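I set out to look up the backbone, the packing and the ring pairs of one model. My entries follow in the order in which I made them.

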Amino acid sequence: MELESKLCRIFFLCLLAARQSGAEVTQDNTNPGSDTSYFFYQDQSYPRDCEDIQDQCSTKNATGAQVIQPDGYDVPFWVFCSGDWTVIQRRSDSLIDFSRGWDEYRDGFGFINANHWLGNTKVAHLTNQKTYELRIDIETESGLTGFISYSSFRIIDEFSDYSIVSVGRSNDTLESVVTWCPTNTIPGSCNRCIATCADPSGTMDCSNDCGDLQQTCICPLNYLMDMTNCIRQEDCGCYKEGHGVIADGVSYMAADCSERCSCSSGVLTCVSQSCARDATCKEVNGVRTCSCNEGFAGDGLTCPSIRINRDCYDIMRYVSTESGVYSITPSGGAGGPFNVNCNMTIDGGGWTVIQRRVLIPSRQDFNQDWDTYKSGFGSYSRGFWIGNEHIHHLTNQGDYELRIDMVNQDHSAYYAKYDLFRYNAESDKYKMSGLGSFTGTARYNALRNQHNEYFSTPDRDYDDYSYYHWADYLDSGWWYGDHYYYYYYYDYYYCDLNRMRYDDDVGYWYNPSGSNYLIFTEMKIRQRQTD
């Protein structure tokens, strides 16, 4: 095409096909072969482009590999000339891989006589010498040909990322050759299933009729169809940052189940939440959700127990390994579930605490009557007795062991442990009917004298000693017997962990090598371990 003002021209040959690039070969601008026309030039200067070569050799067609040196470029280099057009790119098959990095596009790659990219730095020097026309020739896989040209093409240097700064007017013959894709779409294989904002996975809307089409215009990566347009997924109404687009009618749960989002008619709604203590955040049937643990039922946000946990050992096995307050229901307990303190750290855990006393100014008063000892009293911080009725039902639903932790006035800590502990119902005056073998760091088995004794309180005297009412005398509820007088006044081989008579202790445990007077006691029971 001749223009009124003479234009130097660059020919940009694009032989397009539906196939992908294949093997990679790198062009180093070496001598392309014996068909060079370099011998035409006898002086030391080089032409600046293929038009210069054609002008200087008007009697010969300059088509082929030639050497040029644009203004400002340090060294001459090989190009392919098609008449007076300087070819900067050619692709006719998949033998040369065009999926390259920045440096290779900067320097060029491929073979000058075949598929190649001349190099951005060379193209920048070429197009900044004067005004250049760009022509792109296209041949489809079916053999149709056409071209498009631009009247003023120029790119700038690497510092500005080789940006195109001018293209000028266009002219083309492509209407019968190619179909242009609308904005935000790219050519691709026709697919009956279309990914949309309402169906981002493209699994529900599979009604697209491809007919005989193999190629069509599709949405690129991270774009979705909205009506007839492709839009960024971030512009969909139910886009959730960090997750993507949530399908209409579908819920999304955060990885830690701290937030639930749902999409309805293109409107996103998110609600903060937390799983119940007895639930776990996990995937169920491919959906992340709060799921109630074994023995509990509910929606995961609330999980009432459906398992009857008989004691803290059941709590540890099925509910939680954390110490704290839990609800249990012993077998045969007529009063239903009640709260207990569970110790999950000492000696393997699973201990149900039945008594606790601490020598503090606000300590709990243990000088209580029969009915109060029966039902229980106090608090964990000030001291408590769980209640004789509860202890009876607990220790009669299986074999239980007893552990007593103590600290004396010397601040020495020690414990006594019995592999069996049981006592009878109220009708038998809560008699301590079972006390097994003794182990532990306590120096003496001081509880042995309470075995087979009845429980007494200040208002109920069941100690079988006619001269003293020991529970009333010691302001306590405990297992006293007819020999307690001798223990108390002569050999001291006894224990009483509930007495209130003395202000400087919370109990007594005979210790042959230290103080007998305690500042801390804690009695706890657990299902007897068989392993």
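Entry 1: I began with Tyr 430, which counts as buried at 0% relative accessibility; buried means under 20% relative accessible area, exposed over 50% and partly exposed in between, with a 1.4 Å probe and protein chains only. The model is predicted: local features need pLDDT of at least 70, side-chain atom pairs count only at pLDDT 80 or more, and totals for chains, interfaces and linings use all residues. Residues are numbered from 1 along each chain as its sequence is written, and side-chain values use heavy atoms, with hydrogens and water left out.

I placed Tyr 430 in the loop between strand E31 (421-422) and strand E32 (434-435). Helices (H or I, at least four residues) and strands (E, at least two) are DSSP runs, numbered from the N terminus. The phi of Tyr 430 is near 50 degrees, a positive value in a residue other than glycine. Most residues other than glycine have a negative phi. I then turned to Asp 161, whose phi is near 60 degrees, also positive. Asp 161 sits in the loop between strand E10 (154-155) and strand E11 (164-166), and counts as exposed at 52% relative accessibility.

Entry 2: Which residues have the most contacts inside the largest nonpolar core? I found Trp 385, Phe 421, Leu 447 and Trp 509, in a core of 63 residues. A nonpolar core is a set of buried Ala, Val, Leu, Ile, Met, Phe, Trp, Tyr and Cys residues joined through side-chain atoms within 4.5 Å. Another core, of 28 residues, lies apart from it and includes Val 87, Leu 118, Val 123 and Leu 126.

Leaving aside neighbours within four places in sequence, the contacts of Phe 421 (heavy atoms within 4.5 Å) include Ile 391, Thr 395, Met 432 and Trp 479. I noted that Ile 391 and Thr 395 are among the buried residues of H6. Helix H6 (residues 388-395) is mostly covered, with 6 of its 8 residues buried.

**Entry 3: aromatic pairs.** Rings of Phe, Tyr and Trp (its six-membered ring) pair if their centres lie within 6.5 Å; planes under 30 degrees apart count as stacked, over 60 as edge-to-face and the rest as tilted. Tyr 373 and Trp 385 form an edge-to-face pair, since their ring centres are 5.8 Å apart and their planes stand at 65 degrees. Tyr 373 belongs to helix H5 (residues 370-375) and Trp 385 to strand E28 (residues 383-385), so the pair ties together parts 12 residues apart in sequence. Both residues, Tyr 373 and Trp 385, are buried.

Tyr 423 and Trp 479 are also edge-to-face, with centres 5.4 Å apart and planes at 80 degrees. This pair links distant parts of the chain, 56 residues apart: Tyr 423 is in the loop between E31 and E32, Trp 479 in strand E35 (residues 478-479). Tyr 423 is buried at 0% relative accessible area, and Trp 479 is buried at 1%. I recorded a cluster linked by ring pairs, whose members include Tyr 373, Trp 385, Phe 421, Tyr 423, Tyr 430 and Trp 479.

**Entry 4: charges over rings.** The charged end of Arg 135 sits over the ring of Phe 147, 4.0 Å from its centre. The criterion is NZ of Lys or CZ of Arg within 6 Å of the ring centre and within 35 degrees of the ring normal. I also found Arg 501 over the face of Tyr 473, at 4.0 Å from the ring centre.
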